[in-house]
Amino acid sequence: ASGDAEIVQRIKSALEKARVDVFLDTEQLHAGNAWDAKLRMYIEKCSLFVPIISRRTLTPDRRYFRKEWNLALEEAEKVSFSPDAAFLLPVIIDDTPINHPDLPARFAAVQSEKLLGGEPTEEFVARVRDLYRAYQKAKAVAA
């Protein structure tokens, strides 16, 4: 949600310091882009989808991030990973319960991460970095 932009930037910065490529729609989608097609392309090519969950994501309003979430959920159905891999890694930045009825049930079905206040921990950054590297290696071997 746009109200969480400052926290998202903190998380993005921490991941980029760990040499993880991060796509953030507000930075990489521009006027004139075919948003739906470009988002779908980025989500299909990503190694990990990290939805940021907060009270701001529970509003009943139509919000574009929900389209991103739905595209990622579609992609999660297509990809095949080992039990140690992950595609969806929901991150909760406040006291929002992962099983809230306004959140996709699939988010509750995978292990989520709690970063209260949006402070990325060393453990979180290491987990994302390791998942990212494992995906990159598997992709290189498959090529």
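**Strand pairing and the first helix**

Modeller: Happy to! In this predicted model, Ile53 finds its bridge partner in β2, namely Ile92. That pair belongs to the contact between β1 and β2 (residues 91–92), where 2 bridges join strands that run parallel. Stepping back, the open sheet has 3 strands in the order β1-β2-β3, with parallel pairing. β1 (52–53) and β3 (113–114) stand at the edges with a single partner strand each, so one side of each lacks a neighbour in the sheet. As for confidence, β2 has the highest mean pLDDT among the elements of the protein chain, 96, whereas helix α2 (residues 25–28) has the lowest, 55. The mean for the chain is 85, and 87% of its residues reach 70 or more.

α1 covers residues 5–17, and at 1.5 Å a residue its 13 residues should span 18 Å; the end C-alpha atoms are 18 Å apart, which agrees. Its buried residues are Ile7, Val8, Ile11, Lys12, Ala14 and Leu15. These cover an arc of only 165° around the axis, and therefore lie on the same side of α1. Lys12, then, is listed with the buried residues, while Lys17 is exposed, together with Glu6, on the face turned away from the buried side. After α1 comes Arg19, with a positive phi near 65°.

Terms used: Residues numbered from 1 in each chain as written. Predicted model: local features only at pLDDT ≥ 70, side-chain atom pairs only at ≥ 80, totals over all residues. Heavy atoms only, no water. Pairing = 2+ DSSP bridges. Helix = DSSP H or I, 4+ residues; strand = E, 2+ residues; numbered from the N terminus. Expected span 1.5 Å × (residues − 1). Buried < 20%, exposed > 50% of the residue type's maximum accessible area, 1.4 Å probe, protein only. Arc of directions from axis to C-beta. pLDDT = per-residue confidence, 0-100.
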